[in-house]
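The following exercises are to be worked through with the sequence and the three-dimensional model at hand. Each task is followed by a solution in steps.

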Amino acid sequence: MLVPLPAPMQARLRDFDPATAAAPRDAATIAVVRDGAEGLEAFLMRRHSGMAFAAGMYVFPGGGVQDDDGEPMTWVGPPPEAWAERFTCSPELAGRLVVAAVRETFEETGVLLAGPDEDSIVGDTTDLAWAREALEAKELSFARFLADEKLVLRADLLGAWAHWITPALEPRRYDTRFFVAALPRGQRIGTVSTEADKSLWAPLSQVLALVDEGRAAMLPPTAVTCRELAPLPAAEVLVAAATREIRPIEPQLVQQDGQWWLELEREEHL
């Protein structure tokens, strides 16, 4: 599948040297979804125009893996070894990816996939705004936060969806695992990360139409994930995730008839 090369990437073509491509950094993101009147909705944030990566693009919550994401913590659900098999990586990295996905989503939106035990989940997280600020400022590790609040990470509320690697043309590159999760009952999204200038619950059918019309911007991984999720009700997202074969997708530059495109490898489903 070919998609047009985004304008910011076109501007970098002239000076691009494959020999100096940046090494991708491990990252994780979660498509948080819920049912809406017009079908499945996902929570999307538009990154500030001044951001160094994906400026002006609609994205899911997420970010880079941190060293302290590997601190010991209590969680329930699939262990790191199971996530390692899904994402074809080491158990150590897999565990940090799960933690990064949950931590970043909490930092950026207030959605917290954790609870007092394996059968419960926290409700309204408004009174935990202090923790979001401390985590974002790196004054507190996620493991310490959970321990202090007597919470366990609910890895069973996550599903593994995809694995995308930023094209070599980008000066900042990420090796990103995509997760999916339904918005927990009782939780809502209030304030969002200062990295975003707009955020919304977007009916996927509508936002994809805007992308196709050029009235909204998404990087290919986000757009492809939205198209794959759009036909599903929220209750079936984790079921669908469990049946997916996940392998790395790194868009490649190709030129046809004098125009540059990104060629996407598409995943094969079981």
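**Exercise 1. A salt bridge within a helix**

Does Arg96 count as buried or exposed, and what is its relative accessibility? Describe also the salt bridge that joins Arg96 to Glu92.

*Solution.* The model is a predicted one.

Step 1. The relative accessibility of Arg96 is 17%. Buried means under 20% relative accessible area, so Arg96 counts as buried.

Step 2. For Glu92 the relative accessible area is 48%, and this residue is partly exposed.

Step 3. The closest N and O atoms of the salt bridge between Glu92 and Arg96 are 3.4 Å apart. Side chains of opposite charge can pair when their charged atoms come close.

Step 4. Both Glu92 and Arg96 belong to helix H3 (residues 91-109), where they are four residues apart, about one turn of the helix. An α-helix has 3.6 residues a turn, so residues three or four places apart point the same way.

**Exercise 2. Further salt bridges**

How many salt bridges does the structure hold? Which residue forms a salt bridge with Arg244, and which parts does the pair tie together?

*Solution.* Step 1. The structure holds 15 salt bridges.

Step 2. The partner of Arg244 is Glu228, with the closest N and O atoms 3.2 Å apart. Arg244 is situated in the loop between helix H8 (237-242) and E12, while Glu228 is in helix H7, so the pair ties together parts that are 16 residues apart in sequence.

Step 3. Arg244 and Glu228 are both buried.

Step 4. Another salt bridge links Arg215 with Glu213, and here the closest N and O atoms are 3.0 Å apart. Arg215 is exposed, its relative accessible area being 62%.

Step 5. Salt bridges also link Asp69, Arg103, Glu104 and Glu107 in a network.

**Exercise 3. An open sheet of three strands**

In what order do the strands of the open sheet that contains E1 stand, and which of them are the edge strands?

*Solution.* Step 1. The order of the three strands is E1-E13-E12, and their pairing is antiparallel.

Step 2. Strand E1 (2-4) and strand E12 (252-256) are the edge strands, since each pairs on one side only. From one strand to the next, the twist averages 45°.

Step 3. E1 and strand E13 (residues 259-263) are joined by three bridges and run antiparallel. Opposite Leu2 stands Glu263 in E13.

**Exercise 4. The two pairings of strand E2**

In which sense, parallel or antiparallel, does strand E2 run with strand E10, and in which sense does E2 pair with strand E5?

*Solution.* Step 1. Strand E2 (residues 25-36) and strand E10 (residues 174-182) run parallel and are joined by nine bridges. Thr176 in E10 is the bridge partner of Ala27.

Step 2. With strand E5 (residues 62-64), E2 pairs in the antiparallel sense over three bridges. Gly62 in E5 is the bridge partner of Thr29.

**Exercise 5. The second largest pocket and helix H7**

How many residues line the second largest pocket, and which element gives the most to its lining?

*Solution.* Step 1. The space in the second largest pocket is about 420 Å³. Rolling a probe the size of a water molecule over the atoms shows where empty space is left.

Step 2. The lining consists of 20 residues; nearest the centre of the pocket lie Val3, Pro4, Val211, Met218 and Ala223.

Step 3. By class, 16 of the lining residues are nonpolar, one is polar and three are charged.

Step 4. At least two lining residues come from each of E1, helix H6 (204-212) and helix H7 (220-229). H7 gives the most, with four residues.

Step 5. Of the 10 residues of H7, nine are buried, so the helix is largely enclosed by the rest of the structure. Among the buried residues of H7 are Ala223, Cys226 and Glu228.

**Exercise 6. Positive phi angles**

What is the value of phi near which Thr88 lies, and where is Thr88 found? Answer likewise for the phi of Lys150 and for its place.

*Solution.* Step 1. The phi of Thr88 is near 50°, which is positive although the residue is other than glycine. Thr88 is in the loop between helix H2 (80-87) and H3, and it is exposed at 62% relative accessible area.

Step 2. Lys150, also a residue other than glycine, has a positive phi near 55°. Lys150 lies in the loop between helix H5 (142-148) and strand E8 (152-154), and with a relative accessible area of 66% it is exposed.

Key:
Residues numbered from 1 in each chain as written. Predicted model: local features only at pLDDT ≥ 70, side-chain atom pairs only at ≥ 80, totals over all residues. Heavy atoms only, no water. Pairing = 2+ DSSP bridges. Axes fitted to C-alpha atoms, helices over the stretch in contact; angles between N-to-C directions. 1 Å grid on protein atoms, 1.4 Å probe; cavity = no way out; pocket = protein on both sides within 12 Å on 5 of 7 lines; lining within 4 Å. Points joined across faces, edges and corners; volume = space filled by probe spheres on them. Nonpolar A, V, L, I, M, F, W, Y, C, P; charged D, E, K, R; others polar. Salt bridge = Lys/Arg side-chain N within 4 Å of Asp/Glu carboxyl O. Buried < 20%, exposed > 50% of the residue type's maximum accessible area, 1.4 Å probe, protein only.
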